[in-house]
Amino acid sequence: MNALPEDNIGRRIARLRRERHLTQRALADLAGIPYSTLTKVEVGVRPPTPYVVATCARAMGVEVATIEGRPYASELRADQLDILIRPIREALDVYDLGPDPDIRPRRLEVLADEAEALCAAVRAGEIKQAAGTVAGLIEEATTAAHAAGTTDGWLTLASLYRTAYDVAAKLGYGDLAQLSLARMDWAAQRGSDAVLGGMYQYMRALTYLREGKYRTGQRLVTLGLSTIHQADDSRQRQVVTGQMHLGGAVMAGRAHNEHEAFEHLREAERIAAATGESVKVHWLAFGPTNVQAHRVSVLAELDQYGEAVEATEGLVIPNDWPKSRASHHFAEVARAQMWTGKLEASFRSLVLARKAAPQQAKYHPTVRETYAGLEAAHRRLPESFLSYGSWLGSGHVA
């Protein structure tokens with residue numbers, strides 16, 4: 001019996017293609033991908049790369065999330081995470097109503113500490129904790145910021161909007177992630193923080209990366225770099241600038257623009273040499289380790305999977321690295337290993353992704369896509385493979 005639900009990415013592409021009365025040859029031509037690639041993806045013989053998913057989505061006029069099946073509704077419902085989304089939407093909706101007379105907010109210093117703790121919780125992979133707490137804190141901080149009208153108040157609110165974005169993005173609610181970012185920008189402008197403004201453009205670019213809209217994403221990276229150069233020179237500015245170059249490298253890699261991807265990587269490497277490891281500066285985990293990890297990602301996006309696996313050699317994840325970042329890295333390593341036929345190693349990396357941040361890994365599309373790619377060969381993998389699939393979702397069976 002299959003470990004994954006029948007409705008996988010290949011079948012969704014086939015169904016959407018038929019709904020649009022397209023032949024496989026016609027879709028392959030529209031998407032600009034080889035016909036043989038599409039046919040193998042549709043029947044599950046070949047797992048899709050993000051590039052293939054994005055080109056098919058664009059050719060059929062649908063969102064990438066539609067092809068991925070995100071958000072994963074049944075799993076979210078089973079984990080009681082779906083019920084936490086509506087309060088976040090409601091909290092984001094009252095941003096411009098001024099102080100709520102029914103809310104007596106705590107001191108801004110306390111709220112700032114709470115906002116920082118939520119950032120830490122997300123980086124530790126505690127998505128459910130953050131999702132269950134952030135709405136109430138946003139409502140409280142909204143009243144506090146309007147009442148105080150100070151920079152600290154607006155920046156605390158912007159931090160909480162960022163956490164709402166993190167939660168929404170990790171759980172697959174793209175529209176809510178975009179709304180959260182719009183609110184973050186609104187608050188950051190009132191706080192007159194150019195560094196945070198640059199971060200907003202960087203995070204906005206990531207939403208377009210996930211949607212497969214690489215040209216717009218690249219333009220946003222350029223805008224973000226221009227915005228942050230308006231800030232005073234500081235280590236914070238350097239760190240955010242370096243992280244934007246890393247985002248730009250992945251964006252260019254996924255668009256198969258090798259020259260631009262490595263230009264961004266080289267600039268990030270130069271900045272990281274000056275900043276050193278900066279794990280907690282805006283919780284971006286920027287530094288030499290993240291540059292090396294992004295090199296793995298870029299090579300994989302360029303379909304250079306052998307080189308990506310080689311780039312993992314000697315890469316040691318620091319103990320103080322955010323668990324969410326480590327989990328994401330292991331997922332990308334697993335994907336590269338799968339594509340080079342290192343099936344056992346790939347599954348071990350999936351296990352590491354789960355161990356580092358289980359709540360994030362469960363809803364990470366790369367984890368699911370890689371598992372689906374390994375599923376056909378599960379007889380060559382440990383017996384724990386099928387139980388991993390069962391953990392991934394309520395629709396899976398051991």
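**Cavities, rings and burial**

Analyst: The largest cavity has a volume of about 1,000 Å³. The model is predicted, so local features need pLDDT of at least 70 and side-chain atom pairs count only at pLDDT 80 or more, while totals for chains, interfaces and linings use all residues. Residues are numbered from 1 along each chain as its sequence is written, and side-chain values use heavy atoms, with hydrogens and water left out.

User: What makes a space a cavity?

Analyst: On a 1 Å grid over the protein atoms alone, a cavity is a set of points where a 1.4 Å probe fits but cannot get out; lining residues have an atom within 4 Å of a point. Grid points are joined across faces, edges and corners, and the volume is the space filled by probe spheres set on the points. Two cavities of 30 Å³ or more are counted by this rule.

User: Which residues line the second largest cavity?

Analyst: Its lining consists of Pro47, Pro48, Arg335, Met338, Trp339, Glu369 and Thr370. Helix H18 (323-339) and H21 each give two or more residues to that lining; helices are DSSP runs (H or I, at least four residues), numbered from the N terminus.

User: Why is the pair of tyrosine 95 and tryptophan 186 called edge-to-face?

Analyst: Rings of Phe, Tyr and Trp (its six-membered ring) pair if their centres lie within 6.5 Å; planes under 30 degrees apart count as stacked, over 60 as edge-to-face and the rest as tilted. The centres of these two rings are 5.0 Å apart and the planes stand at 90 degrees, so the pair is edge-to-face. Tyrosine 95 lies in the loop between helix H7 (85-93) and helix H8 (108-123), and tryptophan 186 in helix H11 (residues 174-190), 91 residues away.

User: What sits over the ring of tyrosine 95?

Analyst: The charged end of arginine 183 does, 3.7 Å from the ring centre. The rule requires NZ of Lys or CZ of Arg within 6 Å of the ring centre and within 35 degrees of the ring normal.

User: Why does tyrosine 388 count as buried?

Analyst: Buried means under 20% relative accessible area, exposed over 50%, and partly exposed in between (1.4 Å probe, protein chains only). Tyrosine 388 has 2% relative accessibility and therefore counts as buried. Tryptophan 391, at 17%, is buried too.

User: Why is helix H21 (residues 365-375) described as largely enclosed?

Analyst: Nine of its 11 residues are buried, so the rest of the structure largely encloses H21. Among these buried residues are Pro365, Tyr371 and Glu375.

Definitions and conventions
1 Å grid on protein atoms, 1.4 Å probe; cavity = no way out; pocket = protein on both sides within 12 Å on 5 of 7 lines; lining within 4 Å.
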